[in-house]
Structures are given as structure tokens and as C-alpha cells.
Amino acid sequence: MKNITVSVGDEIYRRARIAAAERETSVSALVRQFLIDVATKESERERLKREEAELRDAVKAFRAADRLSRADVHAR
């Protein structure tokens with residue numbers, strides 16, 4: 001496990017301690033959980049690649065017979 005040092009202003013530190021106390025935890029635990037959430041969150045690039053793969057799979061399932069007829073398309 002690695003240790004890191006983070007510098008914040010006095011007011012931010014005070015508020016962080018209050019938030020930690022309300023959650024019955026430490027500031028360190030709050031920061032640790034935040035970093036875990038950030039590191040494990042799906043990146044924008046990963047999300048786009050996943051969505052692209054899903055769309056490509058849907059297109060593979062496309063059949064010409066699934067299309068609407070010309071009359072159905074223009075029906076009101």
C-alpha cells in the first residue's frame with residue numbers, strides 16, 4: 001500500500017473532518033474511498049468502446065425482413 005500527502009486549506013480540512021465524523025470514519029478513509037471510486041470508474045473512452053460494441057452487435061442482428069414496408073413508413 002502506498003502513502004500519499006495531500007495539501008488542502010484549513011477550511012477544507014475542517015469541513016472534511018466534520019464530514020468524516022458524521023460518517024464515523026476518518027479523513028484518510030474518505031480520501032481513500034474517493035480515489036478507489038475514481039480509479040475504478042469506467043473512463044469515457046471505455047464507455048464509448050463498450051457502447052460501440054453493443055451497437056455493432058445490434059447491427060449484426062439486423063435483417064432486411066425487419067424493415068417496414070413503404071406504405072407503413074408513410075402511413076399516418
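Glu54 and Arg50 both belong to helix H3, which covers residues 44-60, and stand four residues apart, about one turn of the helix. Helices here are DSSP runs of H or I with at least four residues, strands are runs of E with at least two, and both are numbered from the N terminus. The side chains of Glu54 and Arg50 meet in a salt bridge, with 3.2 Å from N to O. The term salt bridge stands for a side-chain nitrogen of Lys or Arg within 4 Å of a carboxyl oxygen of Asp or Glu. Glu54 has a relative accessible area of 45% and is therefore partly exposed; Arg50, at 35%, counts as partly exposed too. In these terms, buried means under 20% relative accessible area, exposed means over 50%, and partly exposed lies in between, with a 1.4 Å probe and protein chains only.

The model is predicted: local features need pLDDT of at least 70, side-chain atom pairs count only at pLDDT 80 or more, and totals for chains, interfaces and linings use all residues. Residues are numbered from 1 along each chain as its sequence is written, and side-chain values use heavy atoms, with hydrogens and water left out.

Helix H3 holds a further pair of this kind. Arg56 forms a salt bridge with Glu52, and their closest N and O atoms are 2.9 Å apart. Because Arg56 and Glu52 are four residues apart in helix H3, about one helical turn separates them. Arg56 is exposed, at a relative accessible area of 52%, while Glu52 is partly exposed at 39%. Elsewhere, salt bridges that share partners join Glu11, Arg14 and Arg15 into one network.

Glu11 is partly exposed, with a relative accessible area of 38%, whereas Arg15 has 53% relative accessibility and so counts as exposed. Across the whole structure, the search finds seven salt bridges.

The charges can also be viewed for the chain as a whole. The protein chain carries 17 positive and 14 negative side chains, and the centres of the two sets lie 4 Å apart. In this count Lys and Arg are positive and Asp and Glu negative, while His and the chain ends are not counted. Each charge is placed at NZ of Lys, CZ of Arg, CG of Asp or CD of Glu.

How many helices and strands does the protein chain have? There are four helices and zero strands, and from the N terminus on the elements run α-α-α-α. The radius of gyration of the protein chain is 25 Å, well over the 11 Å that the globule rule gives for 76 residues, so the chain is more spread out than a compact globule. That radius is taken over C-alpha atoms, and the globule rule is 2.2 Å times the number of residues to the power 0.38. Along its principal axes the C-alpha trace spans about 70 × 35 × 20 Å. Of the 76 residues, 4% count as buried. The accessible surface of the chain comes to about 7,600 Å², and 54% of it belongs to carbon and sulfur atoms. Such areas come from the Shrake-Rupley method with a 1.4 Å probe, and for residues only the protein chains shown count as cover.

Part of the surface is a nonpolar patch formed by Ile4, Val6, Val8, Ile12, Tyr13, Val31, Phe34, Leu35 and Val38, with about 860 Å² of accessible area together. Patches are made of residues with over 30% relative accessible area and no salt bridge; like charges are joined within 9 Å, and nonpolar side chains (Val, Leu, Ile, Met, Phe, Trp, Tyr) within 5 Å. Helix H1 (10-22) and helix H2 (27-40) each supply at least two residues of the patch, and H2 gives the most, with four. Phe34 lies in helix H2 and, at 52% relative accessibility, counts as exposed.

Ile36 is also placed in helix H2 and is partly exposed at 39% relative accessibility. Its C-alpha atom is separated by 22 Å from that of Leu48, 12 residues apart along the chain.

Finally, the loop between H1 and H2 contains Glu24. Most residues other than glycine have a negative phi. Glu24 has a positive phi of about 55 degrees although it is not a glycine, and at 78% relative accessibility Glu24 counts as exposed.
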